[in-house]
Amino acid sequence: MDSTELDRNAAAMVAPGKGILAADESTGTIKKRFDKIGVESSFESRRAYRELLFTAPDADKHISGVILYDETIRQQAADGRPFPALLTSRGILPGIKVDAGAKALAGFPGETVTEGLDGLRERLAEYHALGARFAKWRAVIDVGAAIPSATALEANAEALARYAALCQEASIVPIVEPEVLMDGDHTIERCEEVTDATLELVFDALFSHRVRLEGMVLKPNMVIAGKKCAKQAKPQQVTEATVRCLRRRVPGAVPGIAFLSGGQGEAEATLHLSLMNRLRDLPWQLSFSYGRALQQSTLDAWRGIPGNVAAAQRTFLRRAKLNGLARDGSYEAAMEQAAA
Ligand code: 13P
């Protein structure tokens with residue numbers, strides 16, 4: 001493990017003013033996104049859409065890294081450049097999703113454990129040779145009256161830590177992603193309780209597996225009420241609860257926290273990030289690693305039509321720029337209308 005390179009790449013991923021684009025939708029997930037805009041999902045339509053994102057002019061000013069999917073890391077732009085080389089030439093770090101998805105946890109109805117550790121050492125070596133300098137593994141924690149169980153939290157934390165240690169051995173920065181879902185009708189208080197318990201176990205496991213905190217990035221959910229909860233929390237409340245929870249559980253040696261959007265609207269995810277960054281003396285960089293909150297309006301602007309590519313790239317750039325502003329708290333909700 002080259003800890004200097006790991007630490008340098010981890011710091012670059014959460015550099016001020018920038019954040020990460022999660023474009024690692026599995027073939028099944030991207031089909032769902034394409035279905036909504038009436039685009040058939042094929043090897044070529046997926047390639048064309050990813051090329052639109054990766055070649056968007058000026059996006060490198062606001063995007064530090066892109067998470068790719070196994071198919072995508074092997075694809076090329078129309079001019080023949082492999083996607084990882086194209087991104088690297090723009091100063092954007094290529095990353096790769098390496099988990100094999102959340103699978104039902106035997107004996108625990110309604111709960112999952114993320115799989116993908118078998119053969120991971122060999123896959124990481126191949127991805128590093130293909131240009132990947134960071135990876136992502138997502139654990140999924142569902143919230144219900146009697147879940148999550150301690151067993152599900154422990155199983156997921158253990159898998160995340162084993163993944164992170166293997167990544168660092170391969171000189172790849174692990175993004176450690178324990179996602180407490182915002183599906184359901186739970187309150188923000190319940191989300192805070194579950195996020196707190198999740199992060200406690202995740203960091204316990206990272207310590208026991210000797211993961212170097214300076215060479216990783218945490219990708220958590222924000223602390224937020226469930227989508228179906230009658231009482232939705234105000235942005236200020238989300239800000240306070242999220243930062244309180246992170247301060248209690250995330251050591252200052254971690255260089256950065258890059259939030260997932262998890263089903264929040266684009267403007268909502270940007271506003272929450274901006275409000276958090278207005279708080280001063282935070283020990284870590286607070287950044288973004290958004291999938292849907294960076295791509296929704298871009299997909300709508302594109303709709304699979306080649307003539308829409310330039311307009312869709314401008315839409316993507318605008319979203320990336322607004323999130324870049326949120327990195328130091330200078331995004332205002334009024335900018336949505338002004339720039340629309
Ligand atoms: P969302 O921002 O759409 O939640 O996606 C981020 C991600 O990478 C989930 O694993």
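The model is predicted, so local features need pLDDT of at least 70 and side-chain atom pairs count only at pLDDT 80 or more, while totals for chains, interfaces and linings use all residues. Residues are numbered from 1 along each chain as its sequence is written, and side-chain values use heavy atoms, with hydrogens and water left out. Helices (H or I, at least four residues) and strands (E, at least two) are DSSP runs, numbered from the N terminus.

- Strand β2 (residues 63-68) runs parallel to β3 and is joined to it by four bridges, and Val66 has Pro94 as its bridge partner in β3.
- Three bridges link β3 with strand β6 (residues 134-141), again in the parallel sense; here Ile96 stands opposite Ala135 of β6.
- Strand β7 (residues 173-180) and β8 run parallel and are joined by two bridges, with Val176 opposite Leu218 in β8.

**Strand β3**

- Five of the five residues of β3 (residues 93-97) are buried, so this strand is largely enclosed by the rest of the structure. Buried means under 20% relative accessible area, exposed over 50%, and partly exposed in between (1.4 Å probe, protein chains only).
- Leu93, Gly95 and Lys97 point one way from β3, whereas Pro94 and Ile96 point the other way.

**Helices α2 and α3**

- Two packed helices are described by the angle between their axes and the distance between the axes.
- For helix α2 (residues 27-36) and helix α3 (residues 43-54), the angle is about 80° and the axes are 11 Å apart. Axes are lines fitted to C-alpha atoms, for helices over the stretch in contact, and angles run from 0 to 180 degrees between N-to-C directions.
- α2 and α3 are therefore roughly perpendicular to each other (65 to 115 degrees; under 35 is roughly parallel, over 145 roughly antiparallel, and the rest oblique).
- Thr27, Ile30 and Phe34 of α2 are in contact (heavy atoms within 4.5 Å) with Ser45, Arg46, Tyr49 and Arg50 of α3.

**Helix α9**

- Helix α9 (residues 235-249) has 15 residues and spans 21 Å from its first C-alpha to its last, close to the 21 Å expected at 1.5 Å a residue; the expected span is 1.5 Å times one less than the number of residues.
- Its buried residues are Val238, Thr239, Ala241, Thr242, Val243, Cys245 and Leu246.
- The buried residues of α9 pack against α8 (188-208), β8 (217-218), β9 (256-259), α10 (266-278) and β10 (285-290).

Technical notes:
Two strands pair if DSSP finds at least two bridges between them.
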